[in-house]
Amino acid sequence: MKVTDQRQLAAAAAQRRDFLKFASMTGGMVAAAGVSRVAMSALPEPVIQTSTDTMPPLVPETGRPYNPVVTLNSWTLPWRMKNGVKEFHLVAEPVVREMTPGFKAHLWGYNGQSPGPTIEVVEGDRVRIFVTNRLPEHTSVHWHGQRLPNGMDGVTGLTQPAIPAGKTFVYEFMARRPGTFMYHPHADEMTQMAMGMMGFWVTHPKGKHPLIDPVDRDFCIMLNAYDIDPGSYTPKIMTMLDFNLWSWNSRIFPGIDSLNVRHNDRVRIRVGNLTMTNHPMHLHGHEFEVTGTDGGPTPKGSRWPEVTADVAVGQMRQIEFLADEEGDWAFHCHKSHHTMNAMGHDVPTLIGVDHTGLTKKITQLIPDYMVMGERGMADMAEMDMPIPENTARMMTGEGQFGSVEMGGMFSMVKVRKNQPRGDYSDPGFYDHPKGTVAYEFEGEVPVASRSNDAGASAMSPVQKPSKDIEVKVRKPGADAGSHEH
Ligand SMILES: [Cu+2]
């Protein structure tokens, strides 16, 4: 859950480079042993990544320069240059994704992960993507939002035959316009997207662009959702609306890394939505502008300040802001059910229900019986009750003042004066200046008055309404009677 420190990240990147070197060396050796060099070099060695750490930006070593992105809890796919063409190798395959510590899901993805690695290219690049299908069924890849020849659009049956299990297909086109795009199958979509097959594609502008400003930090977050029963591993693919895991890059809070930035950095966050519902993305403490959609950068005159931007299904929204307020600022989906994990669903409302005596009776029959939600659901975050193996807690995550009581689509933008430039490591909790944290009033507190007695059982004795308030309680059945008039 914590961001790997910069040295570890650098080491991982070096390892990846070494792996690439090794891969090409092995290719060379085999070729020398008699296999056709052309055949061996035809397919780039696939790079696999299984760590859930946020990998550092992949600084381009070949091709046109650009300012790389960081995909939270994910990574960017390395490429090789071949005769001026950027070659990538995507492998569609079943993967195990740790969605949060203590909870692993059996998903489908690309190159060891769900979501697949982010693909980064530059406007005008000629790109060749080899797609190997290691799934038990056919697939295809659709390059959402791209300008390309119709036959490269990846719609099974319509623009190409499906890629059969075990086969490799080649997609090739020029990245014609800069922007943020997504990729996902257009074959048995309901299954393959419910299982986690999706990824980001960023086409950087070549040189200065009138509508794309340079930024100091550039993050990618893919919104995805799963329905995995507590105690099980595999998503239910028939679910249309009632998902119980709302995730970013197939991670749920507290398994989502924070977005760590330096004070006064210009920050861009690209949010793609491949779930079945919209997500109003809300940032605390700053105002942002929507500077781009999957249709491209927005005209400057069309931008206005927001603190929440709705990202509809199949959309990408690119937001930008100046991180000029220090602190740990929440950034989350504003649908409160989307900041809950599996245990937060299908629970009756019990606020104000007096369980006195009831629990005792039930305990005689069911020794482990526990009352949930008598005073609201916040208790659930703290309760260390036994849950089925491999189940994400409903809401957790510790802040410096206690439980954050959040799960799902939640993280923080951490803004620090002393965060080094280009350093993405977690600075820890914000050290608030003295006198700037909400505090308890210590004077005399008057007795609170209430308009009626509803929920009185949930109040502490001192809050109970005074006797002189007249309380009218409607008897059960009174409604039914009144309808007969
Ligand atoms: Cu949401």
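Predicted model: local features only at pLDDT ≥ 70, side-chain atom pairs only at ≥ 80, totals over all residues.
**Figure 1. The open sheet of five strands.** The strands of this sheet, in which the pairing is mixed, follow the order β13-β23-β20-β15-β18. Because β13 (259–262) and β18 (308–311) stand at the edges and have a single partner strand each, one side of each is left without a neighbour in the sheet. On average, and with direction ignored, neighbouring strands of this sheet are turned by 20 degrees against each other.

**Figure 2. The pairing of β13 with β23.** Strand β13 is joined by four bridges to strand β23, which spans residues 410–416, and the two run parallel. Within this pairing, valine 261 has valine 415 of β23 as its bridge partner.

**Figure 3. The largest nonpolar core and isoleucine 221.** The largest nonpolar core holds 81 residues, of which Ile221, Leu245 and Val413 touch the most other members. The element that gives the most to this core is strand β11 (residues 217–226), with seven residues. When the neighbours within four places in sequence are left aside, isoleucine 221 is in contact with Leu72, Trp248, Asn249, Ile269 and Val271. As a general background to such a view, nonpolar side chains tend to be buried together in soluble globular proteins.

**Figure 4. Asparagine 150 in the loop between β7 and β8.** The loop that holds asparagine 150 lies between β7 (142–144) and β8 (168–174). Asparagine 150 counts as exposed because it has 9 C-beta neighbours inside 10 Å, and the cut-off for an exposed residue is 12 or fewer. Although asparagine 150 and glutamine 160 are ten residues apart along the chain, their C-alpha atoms are separated by 9.4 Å.

**Figure 5. The protein chain as a setting for the close-up views.** The protein chain contains six helices and 23 strands, and 38% of its 485 residues are buried. Among the contacts in the protein chain with a separation of 6 or more, 74% are accounted for by residues 24 or more positions apart.

Note on methods
Residues numbered from 1 in each chain as written. Pairing = 2+ DSSP bridges. Axes fitted to C-alpha atoms, helices over the stretch in contact; angles between N-to-C directions. Buried ≥ 20, exposed ≤ 12 C-beta atoms within 10 Å, placed from the backbone. Core = buried A, V, L, I, M, F, W, Y, C linked by C-beta atoms within 7 Å. Contact = placed C-beta atoms within 7 Å.
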